[in-house]
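Hello,

Here is the structure I promised to hand over. Please open it first, then read the notes below.

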Amino acid sequence: MKRLGNLSVDVETLQNFREAFYEFSKHKRSRLSVQEFEEELEKKLLALLDAYQKQKWKTSEYEPKIVTEPKVRVVNKLPVKDHVIQHAALYPVEPRLRDKIPYNCPAGTKGRGTHFFYRIIKRDIYKSPQQETAYCAPMDIHHYFLSIEHNLLKAEYRLYIKDRKLLAFIDEVVDSYPNGIVLGVKLTQLLGQIFLIRFDYLAMRCFDILKDPERYHYWQARYVSDMLLTCRTQQQARMLTSVQSLNERFDRFVRQGLKHYYRFMDNIFILHEDKVFLRLMVELTAMFLARDWKLSINRSWNIHRTCDGIDYCGQVIYADHARIRKRTKQALCRQVAKLRKKGYNNEQIRLKAASRLGLTKHADTKNLLKKIGMKTYRDNLGIRRGEIPFPGMSKKQKRHIGDVLCKDGIDYEAHLILIEDYKIDKSTVSFKTQQVEKVDEHGNKFIVQEKVADDRLALKFRFIDHVEKTGENDENGEPIEIPRWQEEVWWLYSGAEILIEQAREEWCFFEKPFYTVVAELKNKFGKTFYKFI
């Protein structure tokens, strides 16, 4: 296996640390700690870069926090600078490391979260022959993150990374927490996936029992005897064919491997057509995890029919639909009923029960929402989150407003962008409350508060490539320069009020495409704002 080396060349750049900050601060710009870090951003980024280059970085003390939903666990908080340097260290290398993770083990990968995992299981159940996925064995690793031994973890990620400076940085973060790996930092998700990459491929090959004849014959004999022992009646025993055919059946299963093996961090799911063979694979899973990775499986594992549903992440997945868990549904109904008795309206209930209502969005719960009289605000407004504003573009072409900012009026030419198209519409994530006058059926006027979506500006643009000097002068005797643009086209959203007003009032007089600069300025009170110049 080819290991990744010479990675620190890409890590040790100010631009990389700047991009890491903007990546970390997405949807966190309103936090006071992020705003304080951004006040002298360049100075603080240079200090982090110097600490990484000289290998002097020491992780700050962890601040524990107890989380009670959905279960009690302890997560740990770190200052913004720790998150930024971890993002910077992983930013250039993370995509290449995640390419080594099996497709059916997507946890922590951008764009491949719980809903992606639910979709691939649902797709395989639906498209595969029903016989292949007749039974399911869900397993959960006991206290996964806290049970990972540092020496074993370091050996695993050294199979994929050989850059000494990056390895020293990761070792320092791992050793900064005494037991296992800490919950709540950037490295946790990636290291949790890397730690079991070898196990995933080993499980898909049925634990390589074909390579050892003695081991192969033992498990083959176990399979035949278990098939006979699990017969409940003599008629079932007579339906089984000869021992030779059972041996051939076991051999076929082993050579095929586990085609329907899935892992989402510490949750393992195996689907198979044979219940007895599946039970043997569960035994092997527990044995190999305990011997080579020092991990244990929770005793709550079982084998059941796939048609009865696969319970995962708040949903029960079937071949053609999904439902939310019974206890979640009951808790939602009780919560809505209590809030209605207290006099809350639908919008207030939606805010109070947002977490449970969020689960209903991703399952077939139309009748449930109808019975409890609830619809999400987005359904009432008629807009969808995550829509791409310009046709023919993808989510991979999305950029952050921080990627185009020109700060402190330095080098405007290097921050020119070519505006090919723009659009002003309603946001799907930002809302404001305003007072509206209404009239009831008796003609009485009254004031109510309504929640409405903020405006947002969508830009389709190109970055500048270089400025070409023509060698000619204009009327004032100054040299004429023509900007040249990069081929890649990008898009972004911004909710900055000044930018939206400028676009609405001034850009209607411009003929597209036109170029501009997004400047980051400060008013007399020291508050930062953005403006087109």
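Which residues line the largest cavity? They are Val173, Val174, Ile181, Val182, Val185, Leu187, Thr188 and Leu191. A cavity here is a set of points, on a 1 Å grid over the protein atoms alone, where a 1.4 Å probe fits but cannot get out; lining residues have an atom within 4 Å of a point.

Before more, some ground rules. This is a predicted model: local features need pLDDT of at least 70, side-chain atom pairs count only at pLDDT 80 or more, and totals for chains, interfaces and linings use all residues. Residues are numbered from 1 along each chain as its sequence is written, and side-chain values use heavy atoms, with hydrogens and water left out.

Back to the cavity. The structure holds one cavity of 30 Å³ or more. The largest cavity has about 60 Å³ of space, a volume being the space filled by probe spheres set on the points. α11 (186–194) and α10 (164–175) each give two or more residues to the lining. α11 has the largest share, with three residues. Helices are DSSP runs (H or I, at least four residues), numbered from the N terminus.

Now a helix pair. The axes of α13 (residues 213–229) and α15 (residues 243–256) come within 10 Å and cross at roughly 120 degrees. Axes are lines fitted to C-alpha atoms over the stretch in contact, and angles run from 0 to 180 degrees between N-to-C directions. Contact means heavy atoms within 4.5 Å. On the α13 side, the contact residues include Tyr216, Trp219 and Met227. Those from α15 include Leu246, Arg249 and Phe253.

Best wishes

Notes: On a 1 Å grid over the protein atoms alone, a cavity is a set of points where a 1.4 Å probe fits but cannot get out, and a pocket is an open set with protein on both sides within 12 Å along at least five of seven lines; lining residues have an atom within 4 Å of a point.
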